[in-house]
Amino acid sequence: AKCTPQGNGVRVVGLSAPYSGANGQNATVVSWGNGGGTVQITTGSQAGCVVGVHDGNVQSPDPGADMMRGMLQSLAGGFPGGAGGGMPSAYPGGTPGGYMGSKMPGSAGVVGGGAFAGMLPHYQHGPSCSSSGAGGAGLCGGMHPSIPAPVHQHGLAPAYARQVPHNAPRGAAFGGQGSSGARDAKASNSLAEIGFALRPVVSSEQPDLFRALAGLLVTQDPSQLGKGKDVQQRFGPYDNLKLRCAWRIDHPARQAQYQAAVSGVGAEMEKLRRTGVQNPPGLPAPARGFPFAQGANERLLLHGTSPERLLDLLANGLNERFSGVNAGSAFGDGIYLAEDVGKTDQYVSADPRYDASSPLHRQLYGGNTVRHPGDVFYVLACRVALGHSVRTQHTGEDACAMDGGHPIFPVTFRELAPIPGITPTMHYHSLIAELGGAIQRYREFVVFKGTYVYPEYLLAYQRYDGSALLRTW
């Protein structure tokens, strides 16, 4: 039976059969989670049908949205770029010029990352937008509560104001970040309550760092993405990964442990150099854009995970005692990392939409900070003290070193062999699973002490097939 239409709320676009007849027709929102939900068609041949949609399938049919868009184009310098302008006093509740887009450079604009800089608090649900808001942060803040629902947004898209669920986290636009004050306050509260904080890396405020983090998601061979027996979830073919959100992990206790470990590894490396032992072959190139402790052969490596395990990893760090929980332990009971995101992408699982009841989402997305972009996967970018490594092309407890042929697990699968010729005994600090023999496509790096690894950044990315986003629900 058809449902009774409840009025127009959105215009539906981009649907395929059997609902393609609803394209261009009006609908009302029935339910919504972050990034999508269900709508009921209210006009046309599909009237009464309830259809599942993503936020990209809906636009505002309300003329008020077009009015608002036109106002912003003429008064705030236009979406493609431009400067100056403000909400005119003639608009209900408006304030004379100089607040919306005030003094924003023409190259920034609203599309391409500009924000409503310095917008007055009574035009928002959240705190005032940062006056420096330009770049990739998106539009911040919500409009005045008296504005009708189709325009009552966290931000406006270039063509139409997209319908945004009213129960979504306030103060941030589509995948963007809210005010710096809200972010700092949330981080301070987290440090006091749970001992660590997640500090968003905003592209407009830290463009070089955001660009460097995005570079970690470039794989050497895109044709290999989604292939292999270890791939957890595919959802279809894809050939590139795009960074959507990033956080710096601020965990003072674990960072202090890691720094002490780096100092210890560095001291042992100095002893090796004094005895004539050369730096081991096979170390990965240092990631561009990051400083490193070269004496300990520190590198930035990747570790993919699932939303279900992520919060525990953020709180407790990576633990070698849980080796093999997700993907076996071919190279010992250690912590597995990779230099190529194509490898870590095999072990991730999707986080399709915002869930207000999720403890993880409350840490990542709540409190006027970051908006869940939908259809994301998570990878940790970890600082690792690789020290003096041993290389192998073999798996299992009988694996031997490429350089010297000696066993690399002479006593236990949980600890590497001593470095030959060194007295007193000093063990290898890490293992490099080198290409060749049993190892194909990707190298892996394994350490056997959790203090040798510090997860420094969390990256949320989406999979794409060309320019098409891979949907996960």
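How many bridges join strand 12 to strand 13, and do these strands run parallel or antiparallel? Four bridges join them, and the two strands run antiparallel; the sheet to which they belong is taken up in point 3.

1. Basis and overall make-up. This is a predicted model, in which local features need pLDDT of at least 70 and side-chain atom pairs count only at pLDDT 80 or more, whereas totals for chains, interfaces and linings use all residues. Residues are numbered from 1 along each chain as its sequence is written, and side-chain values use heavy atoms, with hydrogens and water left out. The protein chain holds seven helices and 15 strands, these being DSSP runs numbered from the N terminus (helices H or I, at least four residues; strands E, at least two). Of its 473 residues, 53% count as buried, where buried means under 20% relative accessible area, exposed over 50%, and partly exposed in between (1.4 Å probe, protein chains only). Among contacts (heavy atoms within 4.5 Å) between residues at least 6 apart in sequence, 64% join residues at least 24 apart.

2. Helix 3. In helix 3 (residues 207–215), the buried residues are L209, F210, A212 and L213. Seen down the helix axis, these residues fall within an arc of 160°, so they line one face of helix 3; the arc is that of the directions from the axis to the C-beta atoms. The cover over them includes strand 7 (240–250) and strand 14 (453–465), while the face turned away from the buried side carries the exposed residues D208 and R211.

3. An open sheet of mixed pairing is formed by four strands in the order 9-13-12-11, two strands being paired if DSSP finds at least two bridges between them. Strand 9 (335–337) and strand 11 (389–392) stand at the edges with a single partner strand each, so one side of each is left without a neighbour in the sheet. The twist averages 25° from one strand to the next, with axes taken as lines fitted to C-alpha atoms and angles running from 0 to 180 degrees between N-to-C directions.

4. Pairing within that sheet. Strand 9 is joined to strand 13 (residues 444–447) by three bridges in antiparallel fashion, whereas strand 11 and strand 12 run parallel and are joined by four bridges. V446 of strand 13 is the bridge partner of Y336 and also of L431, and R391 stands opposite I432 in strand 12. Strand 12 (residues 430–433) is covered on both faces, with S430 and I432 buried on one side and L431 and A433 buried on the other.

5. E298. This residue lies in strand 8 (residues 298–305) and is buried, with a relative accessible area of 5%. Its side chain makes a polar contact of 3.3 Å with that of R383, the term denoting a pair of N or O atoms within 3.5 Å, of which, within protein, one must be able to donate a hydrogen and the other to accept it, and residues adjacent in sequence count only if both atoms are side-chain atoms.

6. Backbone points to inspect. The peptide bond from T423 to P424 is cis, with omega near -5°, and P424 lies in the loop between strand 11 and strand 12. D375, although not a glycine, has a positive phi of about 60°, and is buried at 1% relative accessibility. R441, likewise a residue other than glycine, has a phi near 75° and is partly exposed, with a relative accessible area of 36%.
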